Amino acid sequence: MNTITIETLLGTGAHFGHLASKWNPAMKDYIFMEKNGIHIIDLKKTIQAMEEAAEFVSDLSRQGGEILFVGTKKQARSVIEDEAIRSKNHYITERWLGGTLTNFVTIKRSIRRMMQLQRDSESDDAWANLTKKEILGLMREKEKLESLHRGIKDMKKLPDALFIVDTVHEKIAVAEARKLDIPIIALLDTNADPSVIDYPIPANDDSIRTIQLITRRLADAALEGKSGKKEKVEEKTEEKIETAPKEKPQETVKATEEKETVADVEEVE
């Protein structure tokens, strides 16, 4: 894993905040200076916050915890999906449905409906007696559910933590997680409120490269934690083997990823 430096973050434009007129005063501790009407983020604090979050993610993963990666804005979608899959976690990239956490029972019912439609669409008999119009309606329903739920179809319980890109954009997700006391890790810009986030990471949340860099660091931490869990299990197994009684004769032993220039960057309104 490559070390993330201030120079690396500068290269992605992570230091560019929003217009000073749009700032949230709660972010003052993370702002280094104002230049040309734009706030500049203190990247030393970004690195410190990122490493604290990474340590939390690693410890959580080591204990078998699951993380829900959330990023539905255009710049974040592909990065969030790729890194969540790579780290064997869940993700939401299309749209946050109200009640995803606070009404998880209903969401699970919707996921079961999606999976039933998937099975039926692969069967030769399930839709045999339906009209073309009815089949088309079911296919559209299946595609809609797959778009909404594909990243959480295997989530059997509420996540142990959320990683969110842009807490202003994902305010409903933040509100639901806080209501349920689920820890939140977030990449947030100078217009956000860090006081409602457990592990705030101040950075440009409109830069694709910044999002990718920080999300990849956290995904790496999750993989490190999962690997540590595996090693711990292996150590215990070896310990049991070493302390097991010697086999007696004839007995058998059963072998076991400047704001990215959007036009590329957010437009200055």
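The model is predicted: local features need pLDDT of at least 70 and side-chain atom pairs count only at pLDDT 80 or more, while totals for chains, interfaces and linings use all residues. Residues are numbered from 1 along each chain as its sequence is written, and side-chain values use heavy atoms, with hydrogens and water left out.

Arg86 and Asp220 meet through their side chains in a salt bridge, at 2.8 Å from N to O; the term requires a side-chain nitrogen of Lys or Arg within 4 Å of a carboxyl oxygen of Asp or Glu. Because Arg86 belongs to helix 3 and Asp220 to helix 7 (residues 208-243), this pair ties together parts that are 134 residues apart in sequence. Helices here are DSSP runs of H or I with at least four residues, strands are runs of E with at least two, and both are numbered from the N terminus. Asp220 is buried, its relative accessible area being 17%. The side chain of Arg86 also meets that of Glu83 in a salt bridge, at 2.6 Å from N to O. Glu83 and Arg86 are three residues apart in helix 3, so about one helical turn separates them. Glu83 counts as buried, at 7% relative accessibility.

## Other salt bridges

By this rule there are 14 salt bridges. One of them joins Arg150 to Glu81, with 3.1 Å between the closest N and O atoms. Arg150 is in the loop between helix 5 (132-149) and strand 6, Glu81 is in helix 3 (residues 77-86), and the two are 69 residues apart, so that the pair links distant parts of the chain. Both residues are partly exposed: Arg150 has a relative accessible area of 29%, and Glu81 has 21%. A network of salt bridges links Lys73, Asp166, Asp205 and Asp206.

## The sheet and its helices

Five strands form an open sheet in the order 5-4-6-7-8, with parallel pairing; two strands pair if DSSP finds at least two bridges between them. Strand 5 (90-92) and strand 8 are the edge strands, each pairing on one side only. From one strand to the next, the twist averages 15°. Strand 6 and strand 7 (residues 184-188) run parallel and are joined by four bridges. Ile164 stands opposite Ala186, which is in strand 7.

Helix 2 packs on the sheet and touches strand 4, strand 6, strand 7 and strand 8, where contact means heavy atoms within 4.5 Å. The direction of helix 2 makes about 140° with that of strand 8. Such angles run from 0 to 180 degrees between N-to-C directions, and the axes are lines fitted to C-alpha atoms, for helices over the stretch in contact. Helix 6 (residues 171-179) lies across strand 6 and strand 7, and runs at about 160° to strand 6.

## Aromatic pairs

A pair of aromatic rings is described by the distance of the centres and the angle of the planes. Rings of Phe, Tyr and Trp (its six-membered ring) pair if their centres lie within 6.5 Å; planes under 30 degrees apart count as stacked, over 60 as edge-to-face, and the rest as tilted. The count by this rule is two aromatic pairs. Phe56 and Tyr199 form a stacked pair, with 4.5 Å centre to centre and 20° between the planes. Phe56 is in helix 2 (residues 43-62) and Tyr199 in strand 8 (residues 199-202), 143 residues apart, and the pair links distant parts of the chain. Phe56 counts as buried at 18% relative accessibility, whereas Tyr199 counts as partly exposed at 26%.

The ring centres of Phe69 and Phe163 are 5.6 Å apart with the planes at 70°, so this pair is edge-to-face. Phe69 lies in strand 4 (residues 67-70) and Phe163 in strand 6 (residues 161-165), so the pair ties together parts 94 residues apart in sequence. Phe69 is buried at 1% relative accessibility, and Phe163 is buried with a relative accessible area of 1%.

## Confidence

The protein chain has a mean pLDDT of 86, and 84% of its residues reach 70 or more; pLDDT is the predictor's confidence in each residue, from 0 to 100. Over residues 230-269 pLDDT stays under 50, and for this stretch the model has 44 contacts beyond four places in sequence. Where pLDDT is low, the predicted coordinates should not be read in detail.

Conventions: Buried < 20%, exposed > 50% of the residue type's maximum accessible area, 1.4 Å probe, protein only.
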